[in-house]
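Good morning, colleagues. Please look at the model on the screen while I go through its two ligand sites.

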Amino acid sequence: MSDISRRSFIKIGTAGAGAAAVGSGLLSQWWGLDSSAMPDPQTDGDQVIPTFCELCFWKCGVLAHVRDGRVTKITGNPEHPLSRGRLCPRGTGGIGLLYDPDRLKKPLVRTGKRGAEQFTEVSWDAALDRVAEGMLRLRERHGPEALALFSHGYGGSWFKHLLKAYGSANIAAPSYAQCRGPREVGFELTFGQGLGSPEPLDIENTRCLTLIGGHLGENMHNTQVQDMARAISRGAQLVVVDPRFSTAAGKAKYWLPIKPGTDLALLLAWMHVIISEKLYDADYLQQHAIGFDQLKAHVADKTPDWAYPHTGIRPELIAETARFIAGAKPASIIHPGRRTTWYGDDTQRQRAVAILAALLGSWGRRGGFLLPSGMDLPAFPYTSYHHKPKTIADKPKQTLYPLAGETLASGLCDATMKGDFPYNLKGWIVYGSNLIQALPDPRQTQKAIEGLEFMVAVDVLPSEICGWADVVLPECTYLERCDDVHAPSYKEPYVAVRQPVIEPMYDAKPGWWIAREIAHRIGLEDYFPWKDSFEYAKHRVKQAGYSCAELQKKGVLRGKQVPVCQEEGLALSFDTPSGKIELHSEALKNLGFHPIPEYSPPEEGPPGMFRLLFGRAPMHTFGRTSNNRFLSQVFDENEVWINSRVARGLPGFEERPLKTGDKVVLVNQDGVKSNPVRARVTERIRGDCVYMVHGWGHTAKGLRYARGRGASDSELITRYKVDPIMGGTGMNVNFVRLEPLPEQLS
Ligand SMILES: Nc1nc2c(c(=O)[nH]1)N[C@H]1C(S)=C(S)[C@@H](COP(=O)(O)OP(=O)(O)OC[C@H]3O[C@@H](n4cnc5c(=O)[nH]c(N)nc54)[C@H](O)[C@@H]3O)O[C@H]1N2
Ligand SMILES: Nc1nc2c(c(=O)[nH]1)N[C@H]1C(S)=C(S)[C@@H](COP(=O)(O)OP(=O)(O)OC[C@H]3O[C@@H](n4cnc5c(=O)[nH]c(N)nc54)[C@H](O)[C@@H]3O)O[C@H]1N2
Ligand code: SF4
Ligand SMILES: [Mo]
């Protein structure tokens with residue numbers, strides 16, 4: 001971080017602090033803040049309080065430096081296995097969220113029509129009474145299942161509990177059906193377990209890392225980026241398959257600029273080479289896998305020559321990279337990616353990634369996929385939920401998307417609009433999820449919302465979704481609250497604490513308090529028997545036999561390390577129907593799907609249009625940080641990447657050829673237009689697609705900084721292809737053309 005941005009960052013901090021709410025006394029009651037703070041020798045006695053980050057969902061351990069009730073900087077907690085003393089730029093920029101002048105400061109009640117963003121400020125009592133009334137009325141009229149919760153982010157746990165106590169199982173987040181769902185199902189089908197988050201990949205010890213499902217380096221998952229850098233410094237090589245020359249491609253031995261949507265053809269051709277040249281781990285397969293002969297027969301004709309016209313990758317390069325990848329086995333990772341909802345055949349593509357991992361013998365091996373375990377932390381002893389919810393709204397008789405492992409956020413949106421579900425949803429609570437940007441086709445989301453009887457948004461910022469709610473409840477940021485403790489299943493078991501580092505600012509409140517207040521108003525007080533989240537979290541930690549004082553001081557406690565790979569003595573077992581790795585899946589076959597992935601080419605776009613691809617920028621998390629003035633000093637609007645050769649002959653730009661920095665409008669295949677967005681004319685992308693960073697082009701009035709900056713990919717996603725296996729929404733199926741801005745022509 002440059003000195004200039006450091007100075008302005010401190011300035012932001014100082015400006016915001018003036019508005020801080022004066023002592024509510026809540027703070028000292030929680031994790032006993034004073035005892036958990038330690039003086040920092042490097043900052044003249046600032047207090048340093050450990051907690052974990054919420055700028056994305058990776059949950060790195062952070063140390064917040066506090067002076068006179070103000071957070072002055074945020075650094076990585078050296079004790080925490082996800083940060084190891086370092087943060088990604090977004091984590092450091094958490095202060096820009098805390099002191100964002102546009103934060104939600106008071107509860108709001110809608111006064112205009114939905115979406116018009118007209119609200120009046122009310123007291124917490126008035127707002128909570130409205131929510132309670134709405135929930136009681138809905139339950140009386142339609143039953144509790146008519147209420148859905150969309151929840152993304154760690155603080156959502158209090159609302160999930162509230163909804164279950166109320167009697168609804170309709171709880172979803174776009175981080176499944178719009179993100180990692182196909183990957184989870186593809187790996188479950190093959191190895192009997194998914195990857196979860198954080199993914200337990202042994203990138204650090206790998207010898208070959210293949211990125212075909214992601215762009216680490218722009219996707220900034222801190223630990224993985226650190227591990228990738230370490231692996232490279234130890235001589236590991238990268239193979240990058242991406243239509244765009246990504247940051248990682250710049251460090252790679254091989255860059256394969258694949259035609260978008262044809263990855264499955266490449267994966268099958270790699271399998272062909274690895275099998276026909278006997279480059280697989282024969283002993284491992286012999287011992288652990290079933291279906292090898294069927295797989296061998298299946299890929300017999302999937303030669304590199306066959307894949308070439310589909311993928312655009314020369315046959316020799318396909319064969320050479322297959323040999324290279326297999327040469328590093330078992331310490332060779334085909335990275336499964338995370339946002340895997342691309343083309344609608346995504347579970348099968350992820351199955352192919354998993355099958356390749358099996359051929360390389362990298363599952364359960366050092367330098368490959370590790371088998372994680374978590375610390376055993378007993379759940380809080382709640383009364384059991386009385387009401388047995390009917391089927392989940394998006395799963396009528398389990399026939400739709402039979403292998404969906406979680407409720408689909410897009411499925412709940414469908415069930416709100418259409419009549420062919422077991423019952424309609426009539427109310428939404430939306431916690432920490434900007435559904436207008438996250439679900440495909442915002443028009444459809446808005447239509448669903450228009451039909452609701454009741455909608456609540458719990459957020460920290462006045463995002464687009466808040467503009468559609470009847471009641472908006474301002475949550476305080478992660479730096480001002482205690483949430484549940486975090487003990488994920490990971491390659492090193494640990495438990496981490498989230499504790500407030502300053503008092504809540506304005507009239508914002510922590511999620512636990514909001515959920516508990518609602519529960520008390522609707523007769524569910526038995527489900528919230530604790531005084532505050534501190535008491536709750538402490539109970540869990542004590543039950544497990546750990547020291548709360550030590551946890552709050554260090555921010556994290558490590559569990560006992562158990563073997564995580566064969567090399568450490570772990571015996572592999574597989575929770576599949578056969579108890580083996582399933583290269584051929586009978587379960588898929590019985591449901592009418594291909595038991596081994598079968599390639600079919602993606603639909604081509606209209607002539608003259610480019611496939612719209614999107615991804616991440618290192619400085620930002622979706623649209624949730626675009627209003628962060630600190631992070632935006634480095635990246636303050638997205639651009640549309642277009643190939644320079646193609647740009648030279650672009651229709652409409654004859655008079656004034658397109659140059660980097662010119663503003664253009666994108667028009668999609670259905671005539672939907674984007675905001676003006678700057679072009680980046682570059683060799684670094686294929687000619688048949690364009691690329692932009694997701695999360696820009698905000699329209700919400702309250703986001704005074706981000707509003708109108710860059711363009712929204714979400715707006716242009718009017719079509720999507722649903723994965724028939726698990727309901728993921730493939731969104732890379734839209735096409736755009738570029739139009740000049742009239743003023744730039746003159
Ligand atoms: N900085 C930052 N990091 C993040 C996030 C963030 O918002 N900001 N979000 C986090 C989350 S929730 C997720 S899910 C992950 C997502 O990050 P990833 O799992 O890495 O997934 P995508 O964003 O889909 O990957 C986009 C990359 O795929 C390429 N691509 C597009 N189409 C194709 C294709 O057909 N074939 C191939 N081979 N490549 C293609 C694009 O050019 C781009 O480089 O990032 C996480 N990390
Ligand atoms: N077009 C398109 N759609 C996508 C993607 C894409 O790349 N392109 N990516 C997909 C992926 S991978 C994912 S994971 C999903 C993510 O989609 P979402 O689940 O919507 O996640 P975010 O965009 O991070 O949600 C942001 C909202 O959370 C609020 N928020 C931030 N911190 C807090 C907090 O502490 N408390 C509360 N209550 N609110 C908070 C923000 O102000 C904002 O309104 O989107 C998916 N949808
Ligand atoms: S990866 Fe970055 S933004 Fe995400 S939790 Fe870690 S530090 Fe925070
Ligand atoms: Mo995601």
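A word on conventions. This is a predicted model, in which local features need pLDDT of at least 70 and side-chain atom pairs count only at pLDDT 80 or more, while totals for chains, interfaces and linings use all residues. Residues are numbered from 1 along each chain as its sequence is written, chains are lettered from A and ligands numbered from 1 in the order in which they are written, and side-chain values use heavy atoms, without hydrogens and water.

To continue with ligand 1, the side chain of Arg-90 places an N or O atom 3.3 Å from a nitrogen atom of the ligand, and a polar side-chain atom of Trp-342 is 3.1 Å from one of its oxygen atoms. The shell comprises 34 residues, the closest including His-215 and Asp-242; a residue belongs there if one of its heavy atoms lies within 4 Å. Domain 3 (201-369 + 566-590) and domain 4 (610-745) each contribute at least three residues, the bounds being those of an automatic or database assignment.

I turn now to ligand 2, which 29 residues surround, His-152 and Asp-459 being among the closest. Its oxygen atoms provide two contacts with polar backbone atoms: one at 2.8 Å from Asn-434 and one at 3.2 Å from Gly-432. At Glu-475, a side-chain N or O atom is 2.8 Å from a nitrogen atom of ligand 2. Helix H8 (174-191) gives the most to this shell, four residues; helices (H or I, at least four residues) and strands (E, at least two) are DSSP runs numbered from the N terminus.

Strand E15 (454-459) also supplies at least two shell residues, and E15 pairs with E16 in the parallel sense over four bridges, pairing requiring at least two DSSP bridges. Within that pair, Ala-457 stands opposite Val-472.

How values were computed: A polar contact is a pair of N or O atoms within 3.5 Å; within protein, one must be able to donate a hydrogen and the other to accept it, and residues adjacent in sequence count only if both atoms are side-chain atoms.
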